Amino acid sequence: MAPRAFWRGSLKLSLVTCPIALYPASTQAEKTHFHLINTRTGNRLRQQMVDVKTGRVVEPEDKGRGYELSKDRYVPIEENDLDAVKLESTHSIEIDDFVPADHVDERYFERPYYIVPDGKVGADAFVVIRDAMQRKDKLALGRVVLASREHIIALKPFGKGLLGITLRYPYELRDAEDYFEDIPNPKISRDMIELAGHILDQKSAKFDPRKFKDKYETALRALVKRKAAGKTIEAPEPDEREGNVINLMDALKQSLSRKRGGTRRSAHPARRRSSSHSRRARKAG
């Protein structure tokens with residue numbers, strides 16, 4: 001069954017327009033979720049809103065929004081108040097600017113969407129915009145109204161379609177200097193940096209998300225399966241924490257030699273011992 005489009009509208013570049021559809025590129029559906037239950041009866045629980053002063057349950061018709069002006073002092077915001085500032089959804093993404101693809105700060109990226117042409121009509125215009133962006137290595141910036149809020153959205157070629165990523169506004173980001181200003185700036189020798197560079201070279205690889213395994217999710221599923229089968233669950237013994245590294249240069253050298261040793265595991269044991277003995281003899285010399 002084909003997924004349902006999250007949003008439908010049009011993509012506009014000057015006088016060029018094409019109908020498009022947005023689909024969420026990420027999902028939480030595959031993650032393990034839990035419900036609150038009554039441990040005595042096994043029944044699921046239902047949450048209720050309670051007045052913090054009176055302790056009484058509030059009926060649905062008495063619930064509303066309020067903005068806290070000061071401690072325990074709220075100004076009520078009615079539904080018609082929100083209608084006064086509600087943005088009309090134009091159901092279009094109007095491209096305002098094109099910027100170099102690597103010029104957008106990654107901290108602004110929020111939520112990804114797949115963008116595809118909606119029907120055969122206008123597919124040619126979609127492909128023209130996509131291929132022109134790919135050839136120029138440009139990222140498109142536009143505006144879209146989702147859930148009554150206007151979002152800045154970045155568009156980039158992605159396979160046969162486009163990837164749209166909603167962006168955060170500047171006020172949503174914290175200032176990095178508040179966290180980085182106390183980081184010291186010690187003088188590091190060139191040898192240390194070169195050793196670290198060798199380790200980076202040895203661990204260089206292509207990005208492959210299939211290598212990433214959610215160990216906690218796997219453990220959760222195994223736990224649920226064991227519990228459902230009536231088996232007992234025992235927590236493993238905590239791992240011993242490694243001691244602090246005293247000498248950074250020694251740690252870098254050991255890391256490099258450990259990696260080199262790992263690449264020679266297929267060698268004959270006697271040959272490994274011989275080469276290790278030779279290295280120790282050279283080091284002693």
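Author: What follows sets computed values against their cut-offs. This is a predicted model, where local features need pLDDT of at least 70, side-chain atom pairs count only at pLDDT 80 or more, and totals for chains, interfaces and linings use all residues. Residues are numbered from 1 along each chain as its sequence is written, and side-chain values use heavy atoms, with hydrogens and water left out.

Reader: How many helices and strands are in the protein chain?

Author: The protein chain has 7 helices and 9 strands. Helices (H or I, at least four residues) and strands (E, at least two) are DSSP runs, numbered from the N terminus.

Reader: How many aromatic pairs are there, and why is that of phenylalanine 6 and tyrosine 113 called stacked?

Author: The structure holds 4 aromatic pairs. Rings of Phe, Tyr and Trp (its six-membered ring) pair if their centres lie within 6.5 Å; planes under 30 degrees apart count as stacked, over 60 as edge-to-face and the rest as tilted. For phenylalanine 6 and tyrosine 113 the centres are 5.5 Å apart and the planes at 25°, so this pair is stacked.

Reader: What makes this pair a tie between parts apart in sequence?

Author: Phenylalanine 6 is in the segment before strand S1 (7-13) and tyrosine 113 is in strand S6 (residues 109-117), so the pair ties together parts 107 residues apart in sequence.

Reader: Why does tyrosine 113 count as buried, and what does phenylalanine 6 count as?

Author: Buried means under 20% relative accessible area, exposed over 50%, and partly exposed in between (1.4 Å probe, protein chains only). Tyrosine 113 has 5% relative accessibility, so the residue counts as buried. Phenylalanine 6, at 45%, counts as partly exposed.

Reader: What makes tyrosine 169 and tyrosine 171 a stacked pair?

Author: Their ring centres are 6.0 Å apart and their planes at 5°, so the pair is stacked. Tyrosine 169 has a relative accessible area of 26% and is therefore partly exposed; tyrosine 171, with 64%, is exposed.

Reader: How do you know that the buried residues of H2 are on the same side?

Author: Ala125, Phe126, Ile129, Arg130 and Met133 are buried in H2. They cover an arc of only 130° around the axis, so they are on the same side of H2. The arc is that of the directions from the helix axis to the C-beta atoms. Exposed residues on the other side of H2 are Asp124, Val128, Gln134 and Arg135.
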